[in-house]
Amino acid sequence: GIDRFVLDGFPRNLAQAAELDRRLTETGHAIDLVIDIAVPDDRIVGRITGRRICRGCGTNYHVEFLPTKQDGVCDQCGGETYQRSDDDAETVLERLRVYHEQTSPLIEYYEDAGLLVSLNGNRDVDAITDDLVANLESVASAAGGGR
C-alpha cells in the first residue's frame, strides 16, 4: 500500500477536509502536514495574468519572469505566444474570490489541528522550493523514513 502521498490543491473546502479526515481515520491514516504557500492577491494576479504559451510548441513564458526575446514570438519555434482565456484578470479575480470564500477557511482548520506550516510564497522559487522540501523531509524523518 501507499505509506506517503502528497495532495496538491485538495481539499478545497471544509466539507472536503472533514470527509478526507473521516476516510483517513477509517483506514488508520492521518494527515502529517499541511503547507500553505502564502502569496498576496496582487502578486497572484500578476503571476497568472502574465503567463504566455506558444501555440506551436507549448513552451511556457511569463511577461515579467521569463519573457520572450520578441514580444508575442516563441524563442523556441517562432510560433505565436498567447494568454489562455482563463488567465485573464477577470477570471483570476473570480477564482480568488472563490478561494477566499471556500478554501481559505482551511488555513484556520489545519492551524487549529496543529498541522499547518505557512511558507512565504512571495520569494524566489528556489527559496520556496528549499523550504517546501525541508518541511517534507522533516515529516518523513519524523515518521521513520524518506518514503
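One term before anything else. A residue is called exposed when its relative accessible area is over 50%. Under 20% it is called buried, and in between it is partly exposed. Keep in mind that this is a predicted model.

Let's start with Val6. Where is it? Val6 lies in the segment before α1. Is Val6 buried or exposed? Its relative accessible area is 64%, so Val6 is exposed.

Which form does the peptide bond from Phe10 to Pro11 take? That bond is cis, with omega near 0°.

Next, the helices. Two packed helices are described by the angle between their axes and the distance between the axes. Take helix α1, residues 14-26, and helix α4, residues 105-112. These two pack at about 35°, and their axes are 9 Å apart. Which residues make the contact? From α1 they are Leu14, Ala17, Ala18 and Asp21. From α4 they are Pro105, Leu106, Tyr109 and Tyr110. Seven of the contact residues are nonpolar, one is charged, and none is polar.

Helix α4 has another partner. Helix α3, residues 89-103, packs with α4 at an angle of about 35°, with the axes 6 Å apart. On the α3 side the contact uses Tyr99, His100, Glu101, Gln102 and Thr103. On the α4 side it uses Pro105, Leu106 and Ile107. By class, that gives four nonpolar residues, three polar and one charged.

Now the rings. How many aromatic pairs does the structure hold? One. The partners are Tyr109 and Tyr110, with ring centres 4.9 Å apart. Tyr109 has a relative accessible area of 28%, so it is partly exposed. Tyr110 has 4%, so it is buried.

One more ring to find. The charged end of Arg55 sits over the ring of Tyr82, 4.2 Å from the ring centre.

Back to α1, for Arg22. This residue is in helix α1. Its relative accessibility is 39%, so Arg22 counts as partly exposed. What does its side chain touch? The side chain of Arg22 makes a polar contact with the side chain of Glu19, at 2.6 Å. Asp87 sits 65 residues from Arg22 along the chain, and their C-alpha atoms are separated by 35 Å.

Thr49 belongs to helix α2, residues 41-49. Is Thr49 buried or exposed? Its relative accessibility is 19%, so Thr49 counts as buried. A polar atom of its side chain lies 2.7 Å from the backbone oxygen of Val45. Leaving aside neighbours within four places in sequence, Thr49 is in contact with Gln83, Asp87, Asp88, Ala89 and Val92.

That's my tour. Thank you.

Notes. Residues numbered from 1 in each chain as written. Predicted model: local features only at pLDDT ≥ 70, side-chain atom pairs only at ≥ 80, totals over all residues. Heavy atoms only, no water. Axes fitted to C-alpha atoms, helices over the stretch in contact; angles between N-to-C directions. Helix = DSSP H or I, 4+ residues; strand = E, 2+ residues; numbered from the N terminus. Contact = heavy atoms within 4.5 Å. Nonpolar A, V, L, I, M, F, W, Y, C, P; charged D, E, K, R; others polar. Phe/Tyr/Trp six-rings, centres within 6.5 Å; stacked < 30°, edge-to-face > 60°. Buried < 20%, exposed > 50% of the residue type's maximum accessible area, 1.4 Å probe, protein only. Lys NZ or Arg CZ within 6 Å of the ring centre and 35° of its normal. Polar contact = N/O pair within 3.5 Å; in protein donor to acceptor, adjacent residues only side chain to side chain.
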